[in-house]
Amino acid sequence: MEIGSRPLNVNPRKIHIWRATRDKIFAARLLQKSLRIPLEFNEADNTLFEKLKADPDNAFRNQWTSLLRHEKPFHWQRLSLWLLYHSPELVPDFLRITCQDTDKPKLIFVTDCIRFLLKLYPDVVDQSLITSCLHPDNWPSHHLPQKAVRIYVENSERNAVYYAWSVARKEKMVLTPETLLCFVKRFTELGDVDSAIEAIRMVQTMENPEFSMDSEAVLRHCCKLLTLDSVVGAGSERNFRILPKLLELGVQPTRDLMNVVLSNAYKTGDSQLGQDILNYMQAQGLKPDSYTYLTLLTNAVGAGDSQRLEALLQEIQVKEELHRNPWIMSKVLHAHFLSMIKENDFSDDPNAFFYSMLAMYNRLHDITPLKELSVVPYHYTPPSGSGDSPPSVVALYIVISTYLRCVKSIVNVEHVYSRFRQLVLEGHGTIAPLAATDHTYNEFLVAFRNDPRGLRPAVRLVEDMLSSVPKDAHITKKIARIEVEHAPPSSQTWNILMSCFVFNRQPHAADKVKAMMGKHGVPCLIDTWNMIINNHANSQNVPALAQAIKQMELEGFTPDKYTHNSLRFLRDPERLWAAVEELDQGPDSDSGVEPSSQAATKEPDSVSLLDQGLQRLKDSMKAKT
């Protein structure tokens, strides 16, 4: 008997036939084959189908509830299969309404329908469908479909997960190890260590050989749980909180598990504890892998231990499986960059800084992509014994961003950007994937910001990004020849563009950037508001500054230290507070202050407004000469 419901009785043979037919429909849809699958469908079924299609919440519901109890199982089975095959978009309404009926369909039928939709038509399934149709109150005490439990638990919020857990335990329902591990996963995601360990203990007591404490499935969940571990106690009593409990349950300290423990040890800031864990791993014959080295590299950089970093690099270079690992190579390059930052001020000798990074890059990767970008000249020859593997996106980004921070010539920056954009449009296999995020574009923007002549290229860069995204679309264009979607300008991109004009004292152009953000539906974040406030404070535009502060607060942002730092540029702070008080008292038609949302609607639909700011800058430069 299902809790709080009256499940419809179905002959076991009918269940088998229904599920076999459902599997045929699933295979046909998955393989996109137009197979002829004979389905029973009579006139009464068709009447129900038409009412479901026309008016599910009234006509269909009323017709369904008027059926006799013994009629419903046959209609439900025929209609569900017909909908799965011909009209899957109507299945959610069908399930929701029939599951709300007093005479509920078999949970296994409902589960199979939802699994079908999740696999083939996920867009028609929402959380409410799962939580209502697979609710624990509908779970049978015996022969509980385990997939129903797992789908419910994986797609429910915190309270619903705990309710499902309490119902299963109170009714003493049988949960398989796989289902218990699903609870472990959700408890881990919810940060509930004790409940997760309790569920693992239940798996242990079942003594299922496929889910022993040293099985891959159990260890995978334990590794994830250990990411929540912390050190408790003090002095000689210090110990991890979670690890000992897992070991008591018989969980084996494998390399994967100890890698997480090693990472946790270094995160405590106790380098000796980390070294002790590493020594234990070596004593147990646990060979370090890429995850181990990533942890060691991260710790060496954090500790500023350049000697340890070099020793690790030498170890990595003699191990082919690590030397070819793109994650390791990217981490090595990033580690070198951070160590250089800690030891040197690259503004003192930017050329030396860049060539130090280039030397490390040469040890790891093929130089060709950098030549194609004009970051290094074509005649440049790397030292003998240099790496030949293609660089990862991260490695390439690190070197490009280093170059842009070191180069002083705006002409060179423009040339490299032109090459970058051309290679992206051509679908270059190594360089084009950089356009999948805004990071590289943002680095170019920062480089353009350093020179007044870079303002026009900065505008063109954002135009380039916008032109790569279809108007009024939620998807981005795919770059030619490779399956990479081009990233649109992010809030940070727009913020950097605005800063280009603020730093170069072009307040009107900066205002136009904010208007364009509104046009493109980009929200103002706290950094954007701080830039807007900085712009108005620099130009001594007190009415606009007061309006910006009020608008920022209305949108739920609280002024921070950067907001207050910008206000120091005001020559007459008292005038600002007076303007703010006027705004608090209500709109004043004589104040000349216009809300930003209204101002945005009055901006012409053109980037040419930004060009006006550029032209003013050009004119002022001519006047000075």
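With a relative accessibility of 57%, Y378 counts as exposed, where exposed means over 50% relative accessible area, buried under 20% and partly exposed in between (1.4 Å probe, protein chains only). The structure is a predicted model, in which local features need pLDDT of at least 70 and side-chain atom pairs count only at pLDDT 80 or more, whereas totals for chains, interfaces and linings use all residues. Residues are numbered from 1 along each chain as its sequence is written, and side-chain values use heavy atoms, with hydrogens and water left out.

Y378 is placed in the loop between helix 21 (368-372) and helix 22 (393-406), helices being DSSP runs (H or I, at least four residues) numbered from the N terminus. Leaving aside residues up to four places away in sequence, Y378 touches K371 and E372, a contact being heavy atoms within 4.5 Å. Between Y378 and T368, which are 10 residues apart in sequence, the C-alpha to C-alpha distance is 8.5 Å.

L309, L312, L313 and I316 are buried in helix 17. Viewed down the axis of helix 17, its buried residues fall within an arc of 105°, so they line one face of the helix, the arc being that of the directions from the helix axis to the C-beta atoms.

The mean pLDDT (the predictor's confidence in each residue, from 0 to 100) of the protein is 85, and 88% of its residues reach 70 or more. Over residues 588-618, pLDDT stays under 50, and the model has 38 contacts beyond four places in sequence for them. Where pLDDT is low, the predicted coordinates should not be read in detail.

Note on methods. Helices (H or I, at least four residues) and strands (E, at least two) are DSSP runs, numbered from the N terminus.
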